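Here is a briefing on one protein chain.

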Amino acid sequence: MKIVVIGGSGLIGSKVVRNLAGQGHEAVAASPKTGVNTLTGEGVAEALDGADVVVDVSNSPSFEDTAVREFFETSTRNLLAAAATAGVRHYVVLSIVGSDRLPEGGYMRAKVAQEKLVAASGLPYSVIHATQFFEFVQGIVDAATDGDTVRLAPVLIQPMAADDVATEVTAVAVGAPLNGTVEIAGPEQFRLDELGRSVLAARHDSRTVVSDPAARYFGATLSERSLVPADGARIPGTRLDDWRAQEAR
């Protein structure tokens with residue numbers, strides 16, 4: 001099949017492209033780096049011409065509330081229109097576990113808006129809700145830092161490796177459309193504050209993590225299970241210690 005990966009030059013997208021190519025598919029990496037701008041529409045129709053499947057793993061360059069909403073809504077409308085014209089048979093979008101449970105967060109609201117556009121498009125589709133990536137936990141810690149103090153809520157989190165995310169996205173892309181949502185997550189649950197301490201200790205970082213139930217997560221207040229999947233999620237097997245060992249090689 002010809003499978004176009006929107007955001008195909010990024011962390012997840014580049015891995016998905018490699019996986020698909022390794023399975024014998026025509027995998028096209030579409031991103032501003034390859035002349036495809038989903039926000040302006042430049043190069044979109046050309047990239048999707050003849051495509052069987054579209055996989056959208058793109059991300060907004062800005063996380064500001066208005067900008068991120070405009071990115072996901074505008075780019076998704078442009079992609080859906082081009083996909084319909086091209087006769088795409090399966091539209092896959094990567095989103096976030098808990099997106100519909102965290103309406104205070106502007107980024108989460110934007111992802112929910114994106115998902116609604118895809119579901120209402122009339123195209124066969126699949127939405128993948130992934131938990132946070134190991135690769136981005138450091139960014140969570142940095143975003144929660146004030147001086148030498150890191151404020152994190154003591155809630156559950158079930159992060160996963162980017163390689164596992166890409167493997168699951170690849171499997172969904174080559175399968176039949178779900179016309180619904182599937183959740184994917186790592187094999188271990190942690191407390192977010194404890195995970196933050198572990199990250200800092202592994203890096204010999206002297207910042208102090210304070211457990212704060214009121215601490216916000218990219219603008220949203222968290223409950224106990226905001227960041228973990230429901231029963232029935234797909235659980236690939238890379239554990240945190242295994243990932244750290246791989247990264248250290």
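A residue counts as buried under 20% relative accessible area, as exposed over 50%, and as partly exposed in between (1.4 Å probe, protein chains only). Helices (H or I, at least four residues) and strands (E, at least two) are DSSP runs, numbered from the N terminus. By these terms, strand β4 (residues 90-96) is mostly covered, with six of its seven residues buried.

This is a predicted model, in which local features need pLDDT of at least 70, side-chain atom pairs count only at pLDDT 80 or more, and totals for chains, interfaces and linings use all residues. Residues are numbered from 1 along each chain as its sequence is written, and side-chain values use heavy atoms, with hydrogens and water left out.

**Strand β4 and its partners**

- Two strands pair if DSSP finds at least two bridges between them.
- Strand β3 (residues 53-56) runs parallel to β4, and four bridges join them.
- Asp56 has Val93 in β4 as its bridge partner.
- On β5 (residues 125-130), six bridges join the strand to β4, again in parallel.
- Ser95 stands opposite His129 of β5.

**Crossovers**

- A crossover is right-handed if, with the strands pointing away from the viewer, the path from the first strand over the helix to the second runs clockwise.
- β3, helix α3 (residues 65-86) and β4 form a right-handed β-α-β unit.
- From β4 the chain passes through helix α4 (residues 106-119) to β5, and this β-α-β crossover is right-handed.

**Whole chain**

- The chain has eight helices and 13 strands.
- Its radius of gyration is 18 Å, close to the 18 Å that the globule rule gives for 249 residues, so the chain is as compact as a globular protein of that length.
- That radius is taken over C-alpha atoms, and the rule is 2.2 Å times the number of residues to the power 0.38.
- The C-alpha trace spans about 55 × 40 × 35 Å along its principal axes.
- Of the 249 residues, 51% are buried.

**Thr131**

- Thr131 sits in the loop between β5 and α5 (137-143).
- Thr131 is buried, at a relative accessible area of 2%.
- Contact means heavy atoms within 4.5 Å.
- Leaving out residues up to four places away in sequence, Thr131 touches several residues, among them Val97, Met160, Ile184 and Leu227.
- A polar atom of the Thr131 side chain lies 2.7 Å from the backbone oxygen of Gln158.

Methods: Polar contact = N/O pair within 3.5 Å; in protein donor to acceptor, adjacent residues only side chain to side chain.
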